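Dear colleague,

Please find the structure below.

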Amino acid sequence: MNVVDTKSEKHEGWNLPPAVAPDGEGELLEVSMGPHHPSTHGVFRMDVTLDGERVIRLKPVFGYLHRNHEKLAEGQTYLASIPYTDRLDYICSLTNNWAYALAVEKLAGQEVPERAEYVRVILGELTRVQNHALAVGFLLQDMGASGTPLMYGFREREEILDLFETLTGSRMMCNYMRFGGCRVDPTAEWLERARKIVAKLPKFVDEFEALLIGNEILIARTQGTGILPPDLAVNAGVTGPVLRASGVNYDLRKVDRYSIYDRFDFKVPLGEHGDVYDRFMIRLLELRQSLRILEQALKDIPGGPVMDPKAKIRNFRPKPGEAYGRIEAPKGELGFYLISDGGPNPYRYRVRPPSLINLTILEDMCLGQNVADVVLILGSVDIVLGEVDR
Amino acid sequence: MKTVEEIKAAIEAAVPGAGVEIVLNPGPAAQHSLRLAPESALAVATFLRDDADLALDHLSNVTGVDWPDKEIAEKVKVTRTVAKTVDGVEQQVEETVEETRKRVEPGCLEVVYHLFSVAKKHGPVVLRMRTENRSDRVELPSMTHIWRSADFQEREIFDLYGVVFKGHPDLRRLLMWDEFKDHPMRKDYVEPDDYEYEPTPHDHVLARAQEHQKKIEAAGNKE
């Protein structure tokens with residue numbers, strides 16, 4: 001047990017977490033939560049100072065999974081980095097591929113055939129469905145609903161991963177998208193199978209909702225916990241479902257209209273209170289919207305090539321310049337910033353990781369809450385450490 | 001969305017003597033950027049965030065870039081007078097010789113900010129700042145008090161590039177451990193000699209093993 005002096009902590013500026021004063025009774029307790037704890041979703045540590053059960057200081061500690069992804073990418077060709085982007089957010093490898101391919105296409109000014117755009121949207125939305133199913137499952141696991149909801153999420157995810165495997169050859173490390181299109185063309189049988197799986201999914205969401213929404217324990221633990229005000233969320237660069245749970249209407253699929261998202265009819269669900277409950281509900285509502293997009297995309301998908309025939313794969317050297325490309329990944333805004341000096345390798349390769357930047361306000365959300373809620377709040381942010389530490 | 005020229009004009013009207021430069025991007029993406037002078041950067045950033053037309057409230061991405069010292073070799077024609085013996089008589093003759101001259105263009109560390117607007121739904125506006133050199137004058141103002149999202153990203157750049165952000169509330173290494181000395185993302189970073197034993201080393205692993213062995217022997221002989 002350590003006694004710490006919180007007075008030496010200086011907080012300047014209007015947007016930094018306010019210092020929470022201890023009530024003056026008893027000693028303060030410093031707890032190191034993680035790095036090897038199931039609730040931290042990977043190797044992640046938080047230095048928490050407690051006054052009784054109340055959190056008065058929380059500092060996240062990173063770097064346990066750091067392998068300098070960006071430096072490694074600077075040492076190899078543009079193409080060779082694609083399989084490596086799979087390992088960033090290893091739950092959603094296809095959206096990582098997509099964001100990187102989009103940034104390189106911006107850098108080199110490449111076009112993507114229409115069919116490839118449809119395939120990308122289908123795979124991107126399937127990735128979002130399985131990520132959200134898993135995120136909700138893990139959140140309930142953290143809450144003490146041991147196993148059952150998580151296994152429901154896993155059950156649906158497994159069917160989607162089987163789809164990925166038939167198309168790309170791998171369940172999780174898909175390595176599928178290329179600059180100017182996609183690697184292989186999905187067959188008619190594959191599309192038919194995808195349609196069947198998508199048609200079954202709304203039933204799963206209904207079942208999930210029926211089991212969980214009215215649950216008294218869930219409501220008692222999540223409502224009013226870890227509130228994130230919208231102005232702070234925008235200022236702290238929070239993106240994705242966490243930002244929209246605070247009521248900020250900012251979805252890159254609507255804002256940037258990248259790819260062909262302007263052709264689909266879907267809504268952006270928004271939260272009202274910005275607490276853990278809203279973040280949980282937002283994911284279920286986004287699941288339904290993703291299924292709507294999937295239905296439309298699977299219906300309208302045209303024929304044609306899946307790869308731009310003019311696209312250069314070997315000896316790919318974009319002209320000097322730079323580009324920042326971003327997409328709405330399931331966890332938030334995933335961006336890639338590339339600087340080319342005309343050589344075969346990128347001069348600078350930067351990943352804008354949504355998981356890391358969403359953790360900026362973790363301390364603000366946890367201050368004054370009970371230590372048991374820290375696990376819940378972290379679970380509602382939905383992080384993957386492969387992306388946080390890179 | 002305003003163009004870079006219009007944004008530059010707006011900044012210069014609001015912050016006199018801001019010293020903003022336009023950096024053109026020759027690539028097809030055409031995301032041009034504005035280079036700020038570090039002295040006036042905070043005032044400019046506050047203006048960009050609070051201005052009603054721009055409302056750049058979302059600092060999405062902060063990137064460090066390393067530009068090492070560049071040695072540029074140039075061929076220069078030089079005319080000089082040389083003493084020469086022509087037909088048995090010593091004369092001063094002018095002669096033009098081509099010479100290769102080398103000059104070193106000093107490097108710097110650069111920080112790039114990508115700004116978007118959540119309220120107006122436009123962007124990106126790209127800002128850049130440069131340090132004076134790469135060794136001792138590496139201070140830049142921190143944007144954390146204007147956009148909170150710079151917090152961890154500036155810590156990462158401090159860690160991996162060694163840019164010191166003045167005014168950052170908690171400037172510590174983010175990814176590497178505290179005792180680590182170097183900055184691994186710099187272009188001239190040398191990896192430590194951390195060869196591990198392999199039962200049947202071959203190719204580059206063998207070469208590294210032999211090099212490692214030589215170093216150990218040299219160190220042993222000294223003692």
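How much area do chain A and chain B bury between them, and what share of it is on carbon and sulfur atoms? The two chains bury about 4100 Å², 55% of it on carbon and sulfur atoms; buried area is the accessible area (1.4 Å probe) that two parts lose on being put together, summed over both. On the side of chain A, Glu322(A), Tyr324(A) and Tyr347(A) lose the most area to chain B, together 15% of what that side buries.

Before the details, a note on conventions. The model is predicted, so that local features need pLDDT of at least 70 and side-chain atom pairs count only at pLDDT 80 or more, while totals for chains, interfaces and linings use all residues. Residues are numbered from 1 along each chain as its sequence is written, chains are lettered from A and ligands numbered from 1 in the order in which they are written, and side-chain values use heavy atoms, with hydrogens and water left out.

The interface

In the interface, 51 residues of chain A are in contact (heavy atoms within 4.5 Å) with 50 residues of chain B. The rule finds 5 salt bridges across it, a salt bridge being a side-chain nitrogen of Lys or Arg within 4 Å of a carboxyl oxygen of Asp or Glu. Glu74(A) forms a salt bridge with Lys187(B), where the closest N and O atoms are 3.2 Å apart. Strand S8 (residues 321–329) of chain A supplies the largest share of the side of chain A that touches chain B, namely 5 residues; strands (E, at least two residues) and helices (H or I, at least four) are DSSP runs, numbered from the N terminus.

The nonpolar core

The largest nonpolar core has 161 residues, and among these Leu359(A) and Leu48(B) touch the most other members. Such a core is a set of buried Ala, Val, Leu, Ile, Met, Phe, Trp, Tyr and Cys residues joined through side-chain atoms within 4.5 Å. Buried means under 20% relative accessible area, exposed over 50%, and partly exposed in between (1.4 Å probe, protein chains only). Leu359(A) touches Phe152(B) as well as residues of chain A including Phe44(A), Phe62(A) and Leu378(A).

Chain B

An automatic or database domain assignment divides chain B into domain 1 (4–67 + 109–166), domain 2 (70–104) and domain 3 (191–223). The C-alpha centres of domain 1 of chain B and domain 3 of chain B lie 45 Å apart.

His122(B) lies in strand S7 (residues 122–130) of chain B. His122(B) counts as buried because its relative accessibility is 14%. A polar atom of its side chain lies 3.1 Å from the backbone oxygen of Leu54(B). Among the residues that His122(B) touches are Met1(B), Asp53(B) and Phe116(B).

Ala73(B), in strand S4 (residues 70–86) of chain B, is 28 residues from Arg101(B) in sequence and 5.7 Å from it in space, C-alpha to C-alpha. Ala73(B) also touches Thr100(B) and Lys102(B).

Two positive phi values

Most residues other than glycine have a negative phi. Asn175(A), however, has a positive phi near 50°; this residue lies in the loop between helix H5 (148–168) and strand S6 (177–178) of chain A. Ala30(B), which is not a glycine, has a positive phi of about 50° and lies in the loop between strand S1 (21–23) and strand S2 (33–35) of chain B. Ala30(B) is partly exposed, with a relative accessible area of 40%, and Asn175(A) counts as partly exposed at 21% relative accessibility.

Yours sincerely

Conventions:
A polar contact is a pair of N or O atoms within 3.5 Å; within protein, one must be able to donate a hydrogen and the other to accept it, and residues adjacent in sequence count only if both atoms are side-chain atoms. Lists of a residue's contacts leave out its neighbours within four places in sequence.
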